[in-house]
Amino acid sequence: MSRRQQIVRLLVRYRNSGVFSGLQLDGELPRLDRIPATDNPTQFVADLEALGTTFVKLGQVLSTRPDMIPAEYVTALERMQEKVAPIPAEQIRAIIEEDLGAPVAKLFVWFDPEPLGCASIAQVHRAELRDGRQVAVKVQKPDVAAQLRSDLSVLRSFATAADHLTRVGRKVRFSDWLDEFAKTLRMELDYETEAANLARFGQHLAPYPELTVPQPVWDLCSRRVLTMELVQGVRVDAIPQVRRTEQSMEPLAAALIRGYLDQIFVHGEIHADPHPGNLRVTPEGQLAIFDLGMVAHVPPRLRERLLKLLFAAIDGRGEEVADEIISISTRLEDYDEERYLRETGQMIARYAANGTMSEGHVVLEVVRIATASNLRTPPELTLLGKALLNLEGVCRVLAPAMNTRGVVEKQLQHVMRARLKKSLSVANLASEAMEMQQLLRNGPRRLTDILSLVAENRLQMKVTGLEESRLMENIQKVANRIAAALITAALLLSSVLLMRVPTRVTLFGYPAFAILLFLVAVVIGLGLILSALLFDRRTRARAHEERGHR
């Protein structure tokens, strides 16, 4: 209850703030350069940090949703730091020994008790293996998973209530968004998943020698312990000017964009937060990528849609961009298609005419227009926009003079050529030839069967599943309501008649049994009214939701 009260106080404190004004349910669509909200984003971040680990992670994920959060809040959330004191090295050793099944002295030649870094979920210590390799050991703190599960349970109840009772909730679906957040957080708590991400990213980025990913030491990894190569370097936003004169940073920036676009559109994985804290320039002149716990996976069909969307935006085809967004989104109640098509076309035209607007801004602006027009877009679209925006920010820090837009366009063309080449591979051509062969073999027979049915007047169309549909469920609920209303009326009538019958036991001067029947009728009647109001509202909102064409 105390935890629930803390959350309620936070919600009440910021109920009238600009935290969710990015949704702009009424009025004009917000611009990326809009006037900052009057409330203090720094204080909002401080309040989230005070609530602990779950809310620090929640703030970090909120920073990837500029379609929901105003720009000044996004900036403040991106700078969120987990200010926690390190736990004793003895507890870290105990977790390592429990998970890896051996004493730390046998696993490592040397283990530094002083942490390299400390966060609310994990601590990182430096160590040395038997073969002389220097490694970083990331260890999950005790009882973190239990606290996160408890907080998520409380947040889920608030999200469900908001979805049912508020217009913002019906538009955004907080419960679905929270489920995605919980899924991502569970993946981050599983260090075996992060180790697999490190290995996979290292393999996929191998064609780019400018990039490096520290590889895991699999024998020393578990769900709570991640041992990986120790890679040292300078943050990309702290590179000294002397280093810049010695080495050009433009090849690193270009390789980062090309590698991440390959990762998204070829391999279907989005690391949505490549911020300067996760990128370092090594002494060898490479760009090292860290912290791959939160990686979103994009299915192949959606990947193709997103790629077509970006190509249409680059060519200035606003109608095609709008069509692609509609095809992967959900149309909500009061969906304003005319406004959506008009504003999307205008925005794409501005992008095509203005060379300073980046692809990340375009994607996020499209999401804003869709949300304001009551069109709910998939979360992968926002992650794509946020990833592109972060990449562009990192490239401005590394190589301010580089033409980022040109690199993005050229790499997208390369990705498309690679996809076309892959579609013409021997395996794909053989599979399509087999399907065509099957169609040619079975087509004439099936066409003959259809014509025979038509000639004999036996062609029928059968509609199944009606008995399991929502129609029968709603009819049953209507019948239950009618029955409950009749019982309520009978109880009220009986209580009125019994009021005139004298009895020994009275309540407030009336027969106690009559008063009891009256109270039961009142409770049932109020329950019917509340149920009708809430259910009808949910049904109306649900009935107007429609998926885009596939």
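Me: Why does Asn374 count as buried?

Reply: Asn374 counts as buried because its relative accessibility is 11%, and buried means under 20% relative accessible area, whereas exposed means over 50% and partly exposed covers what lies in between (1.4 Å probe, protein chains only). This is a predicted model, in which local features need pLDDT of at least 70, side-chain atom pairs count only at pLDDT 80 or more, and totals for chains, interfaces and linings use all residues. Side-chain values use heavy atoms, with hydrogens and water left out, and residues are numbered from 1 along each chain as its sequence is written.

Me: What makes the backbone of Asn374 worth a remark, although it is not a glycine?

Reply: Asn374 has a positive phi of about 65°. Most residues other than glycine have a negative phi. Asn374 is placed in the loop between α16 and β12 (375–376), where helices (H or I, at least four residues) and strands (E, at least two) are DSSP runs, numbered from the N terminus. Asn457 also has a positive phi, of about 60°, without being a glycine, and sits in the loop between α19 (426–455) and α20 (470–498).

Me: Is Asn457 buried or exposed, and how do you know?

Reply: The relative accessible area of Asn457 is 72%, and Asn457 is therefore exposed.

Me: What makes α17 mostly covered?

Reply: Of the 20 residues of α17, 16 are buried. Helix α14 is likewise mostly covered, with eight of its eleven residues buried, among them Val321, Ile325 and Ile328.

Me: Why is the contact between Lys138 and Glu194 called a salt bridge?

Reply: The closest N and O atoms of Lys138 and Glu194 are 3.2 Å apart, and a salt bridge is a side-chain nitrogen of Lys or Arg within 4 Å of a carboxyl oxygen of Asp or Glu, so the pair qualifies. This pair links distant parts of the chain, with Lys138 in strand β3 (residues 134–140) and Glu194 in helix α10 (residues 191–204), 56 residues apart. Lys138 is buried at a relative accessible area of 13%, and Glu194 is buried as well, at 2%. In total, the structure holds 17 salt bridges, and Glu98, Asp99 and Arg224 are linked in a network of them.

Me: Why are Arg368 and Glu365 separated by about one helical turn?

Reply: Arg368 and Glu365 are three residues apart in helix α16 (residues 359–372), and therefore about one helical turn separates them. Their side chains meet in a salt bridge with an N to O distance of 3.6 Å, and both residues are buried.

Me: Why does Arg317 count as partly exposed?

Reply: Arg317 has a relative accessibility of 31%, so it counts as partly exposed. Arg317 forms a salt bridge with Glu320, the closest N and O atoms being 2.9 Å apart, and Glu320 is itself partly exposed, at 39%.

Me: What makes up the patch of negative charge on the surface?

Reply: Glu319, Asp323, Asp334, Asp336, Glu337 and Glu338 gather there. Patches are made of residues with over 30% relative accessible area and no salt bridge, like charges being joined within 9 Å and nonpolar side chains (Val, Leu, Ile, Met, Phe, Trp, Tyr) within 5 Å. Asp and Glu count as negative, Lys and Arg as positive, and His and the chain ends are not counted, while the place of a charge is taken as NZ of Lys, CZ of Arg, CG of Asp or CD of Glu. Helices α14 (318–328) and α15 (337–353) each supply at least two residues of the negative patch. Glu319, in helix α14, is exposed, with a relative accessible area of 68%.

Me: Which residues form the nonpolar patch on the surface?

Reply: The nonpolar patch is formed by Leu492, Phe518, Leu519, Val522, Leu526 and Ile529, which together have about 500 Å² of accessible area, an area that comes from the Shrake-Rupley method with a 1.4 Å probe, only the protein chains shown counting as cover for residues. Helix α21 (residues 512–543) gives the most to this patch, with five residues.
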